Amino acid sequence: MKKNSEMAVIVVLIVVFSFVLLGIMLGKYISRTQPLETVNVSCANTMAEVIESSKGDVYNMEDDPNYVEPTSYYLVKYSVDGDEIENPVFDQIPADLADEQKDKALQLEAWHIFANLIPAKDRQMVIQYNIFTDGTENTLAAVDQIAADPSQWVIEVDIADLENKDALLFTLIHEYAHLLTLNASQVSVDEEIYNDPFNTSLIESKTATCPHYFTGTGCSLPNSYINAFYLRFWKDINPEWEKIDALQYADDLMPYYNGLYNFYLAHPDQFLDDYSTTHPAEDIAESFTYFVFSSKPKENSIKDKKILFFYEYPELVELRQSILESTCAPNK
């Protein structure tokens, strides 16, 4: 009897230990895969401020019909090695930008904002970092493919906009979304298109031979984020949008801008802002940025479903959590 009692105790202990271990493992899994919805008040306020900074109608030209694009200057270009930037190359610039070109501390600050937001494993395609300026509150950041190897990318930041922290955070995540959705693991690299991006006949022929969504820069892969996004949210409205998109090749761009804005007004439940109507690639980038900085919406409108789209991918939920932890951490 004593041996049976001891055996029963051992069995009970094993069962209890197994449940405890299972609970720990399940907790770790849930923490990696579930969205960071329980945020403190300070973080929630930060998220709201970032979203608020993006508000405004880009294509509503009524306020400034004579807007002229400001001149942009590259100040310095760095090579990227993991978390480090090195080998600066300095461009010729106007004399009044000399101080900004020499300000390594400010250039490092801008790099660290981006590098802290995005884990190194999620930005391996970035091999170059450029500092430019076109003045304040114009283009805050940008990405582009590398000419020598379009499978690799450059991130660019306007040094004049570092004080506009909320808008810069929104823009950096938007630009990162392009890296996320257009990199070589998502879209086939097409050097012909890269070297001749405004050749409409070439684009038409490439589109016709692509079995999935053609992004304008390459043929998307079947399981890519952007192909799934296009099929779900753009396939039905694309013919209407393409007629407007064709207007961008005219000398007068006002009909194009007006067309995009009217397209936005005609589909009020489908787009998070009017800039999203620029292109499906811009729509998925804006939607991803709202996914990061907004609380999880209720599934009612199409624009809410665009945010919910990203919750279907555990790796993106994990990335969102990492970005928010960096954004909301003290002294960030």
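**Reading a cavity and helix packing**

Strand 5 (residues 149-158) gives the largest share of the lining of the largest cavity, three residues. This is a predicted model, in which local features need pLDDT of at least 70, side-chain atom pairs count only at pLDDT 80 or more, and totals for chains, interfaces and linings use all residues. Residues are numbered from 1 along each chain as its sequence is written, and side-chain values use heavy atoms, with hydrogens and water left out.

Q: Which residues line the largest cavity?
A: A cavity is a set of points, on a 1 Å grid over the protein atoms alone, where a 1.4 Å probe fits but cannot get out; lining residues have an atom within 4 Å of a point. The lining includes Gln145, Trp153, Asp190 and Thr217. The volume of this cavity is about 60 Å³.

Q: How is the packing of two helices described?
A: One gives the angle between their axes and the distance between the axes. Helix 8 (residues 225-233) packs on helix 12 (residues 302-309) at about 160°, with the axes 11 Å apart. Angles over 145 degrees count as roughly antiparallel, and those of 65 to 115 as roughly perpendicular. Helix 8 and helix 12 are therefore roughly antiparallel.

Q: At what angle do helix 8 and helix 11 pack?
A: Helix 8 and helix 11 (residues 280-293) pack at about 100°, their axes being 10 Å apart. These two helices are therefore roughly perpendicular to each other. Their contact includes Tyr225 and Phe229 of helix 8 and Ile284 of helix 11.

Definitions and conventions: Axes are lines fitted to C-alpha atoms, for helices over the stretch in contact, and angles run from 0 to 180 degrees between N-to-C directions. Helices (H or I, at least four residues) and strands (E, at least two) are DSSP runs, numbered from the N terminus. Angles under 35 degrees count as roughly parallel, over 145 as roughly antiparallel, 65 to 115 as roughly perpendicular and the rest as oblique. Contact means heavy atoms within 4.5 Å. On a 1 Å grid over the protein atoms alone, a cavity is a set of points where a 1.4 Å probe fits but cannot get out, and a pocket is an open set with protein on both sides within 12 Å along at least five of seven lines; lining residues have an atom within 4 Å of a point. Grid points are joined across faces, edges and corners, and a volume is the space filled by probe spheres set on the points.
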